[in-house]
Amino acid sequence: MGKLDNRVAIVTGAASGMGEAIARLFAAEGAKVLAVGRSTNKIHDVLGGVSNIETMARSVGEEGAAQAIIEQAATSFEGLDVLVNNAGAGGAGPTEHITDEDWRANFDLNIDAMFRLCREAIPHLRNSAAGRIINIGSAMSMMGGPGMGAYAASKHAVVGLSRTLACELGADGITVNTLIPGAIHTQMTQGIFDNDQDMVDHWAQKAPLGRWGTPDDIAPPALFLASDDAGFITGTNLVVDGGAAVSP
Ligand SMILES: NC(=O)c1ccc[n+]([C@@H]2O[C@H](COP(=O)([O-])OP(=O)(O)OC[C@H]3O[C@@H](n4cnc5c(N)ncnc54)[C@H](O)[C@@H]3O)[C@@H](O)[C@H]2O)c1
């Protein structure tokens with residue numbers, strides 16, 4: 001028995017990092033997973049052929065993408081139970097130098113695409129016995145940092161969207177939560193490991209658990225939120241950061 005037997009899940013940004021780990025774990029726990037990545041080659045190379053996973057190449061920010069992704073899951077697997085909005089990226093430098101274009105790009109990906117996927121998913125989630133939306137925020141959903149203006153603002157917006165949806169969809173039995181990773185070693189943060197040892201040390205030391213996280217630290221909490229175990233949890237932030245947020 002898997003924790004997600006007979007569930008249909010969508011995971012965006014699934015070609016690497018946390019999205020890949022979440023897609024693999026959900027599939028191993030019995031869910032049928034539509035794993036969405038930007039590039040055809042990459043998503044297929046990484047997850048093609050994995051049992052219970054269907055891959056789809058689509059940029060979540062493109063016009064019409066949200067509808068196409070939700071319809072693909074609903075058609076391939078006949079329904080939708082869990083939406084994991086994981087695709088994200090960011091950082092645009094000091095606020096006084098952020099261009100309108102860079103600001104827009106952060107919001108297009110981190111919140112606008114998420115909003116559209118949630119909107120299109122709602123009618124399908126209403127037909128589920130255990131509808132779930134899991135939006136991936138960031139430590140920057142709760143704090144700021146130098147050079148993080150566009151990213152932090154867009155990730156704060158993720159919390160506002162999740163909390164609002166939780167209020168709107170509770171009557172339908174749909175839960176909506178924000179999973180907040182701390183500093184996690186992935187493709188997104190590889191540049192820090194390559195170029196900024198002080199920053200690597202800073203985040204390791206800030207966490208009482210004394211290290212950066214890995215995608216495998218994030219996938220089980222995502223599974224928890226998706227599973228029946230979290231049926232009475234909605235509108236909350238699940239912070240998975242080794243304690244960094246509570247440490248001076
Ligand atoms: N790594 C960290 O320290 C950290 C911390 C907090 C939050 N996050 C968030 O976690 C999520 C996953 O990031 P990660 O660290 O696993 O990095 P990652 O770069 O490995 O994963 C992000 C994935 O999103 C995909 N993506 C980007 N734009 C896309 C688009 N337009 N359409 C579809 N897919 C797209 C990328 O191709 C990539 O596969 C992101 O939302 C990120 O903001 C990361």
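1. Asparagine 6 lies in the segment before β1 (8–12). In this predicted model, asparagine 6 has a positive phi of about 65 degrees although it is not a glycine. The residue is exposed, because 12 other C-beta atoms lie within 10 Å and a residue with 12 or fewer counts as exposed.

2. Asparagine 52 counts as partly exposed, with 19 C-beta neighbours inside 10 Å; the threshold for a buried residue is 20 or more.

3. Glutamate 63 belongs to the loop between β3 and α3 (65–77). Glutamate 63 is exposed, having 9 other C-beta atoms within 10 Å. A separation of 32 Å lies between the C-alpha atoms of glutamate 63 and alanine 28, which are 35 residues apart along the chain.

4. The sheet is open and has 7 strands, in the order β3-β2-β1-β4-β5-β6-β7, with parallel pairing. β3 (53–57) and β7 (237–240) stand at the edges; each has a single partner strand, so one side of each is left without a neighbour in the sheet. From one strand to the next, the twist averages 15 degrees. As background, strands of a sheet pair through backbone hydrogen bonds, either parallel or antiparallel.

5. Proline 181 has valine 240 in β7 as its bridge partner. Helix α5 (residues 149–169) packs on the sheet, where it touches β5 (132–136), β6 and β7. The direction of α5 makes about 160 degrees with that of β6.

6. Of the 5 residues of β5, 5 are buried, so the strand is largely enclosed by the rest of the structure. Arg132, Ile134 and Ile136 point one way from β5, while Ile133 and Asn135 point the other way; all are buried.

7. Leaving aside neighbours within four places in sequence, valine 11 is in contact with Gly19, Ile22, Ala23, Phe26, Val33, Ala35, Val36, Val84 and Asn86. In soluble globular proteins, nonpolar side chains tend to be buried together.

8. The ligand is surrounded by 28 residues, of which the closest are Gly13, Gly17, Gly88, Thr186 and Met188. Two elements, α1 (17–28) and β2 (32–37), are those that give two or more residues to the shell. The largest share, 3 residues, comes from α1. By class, the shell divides into 13 nonpolar, 14 polar and 1 charged residues.

Note on methods:
Residues are numbered from 1 along each chain as its sequence is written. This is a predicted model: local features need pLDDT of at least 70, side-chain atom pairs count only at pLDDT 80 or more; totals for chains, interfaces and linings use all residues. A residue is near a molecule or strand if its C-beta atom, placed from the backbone, lies within 6 Å of it. Helices (H or I, at least four residues) and strands (E, at least two) are DSSP runs, numbered from the N terminus. Ala, Val, Leu, Ile, Met, Phe, Trp, Tyr, Cys and Pro count as nonpolar, Asp, Glu, Lys and Arg as charged, and the others, Gly among them, as polar. Two strands pair if DSSP finds at least two bridges between them. Axes are lines fitted to C-alpha atoms, for helices over the stretch in contact, and angles run from 0 to 180 degrees between N-to-C directions. Two residues are in contact if their C-beta atoms, placed from the backbone, lie within 7 Å.
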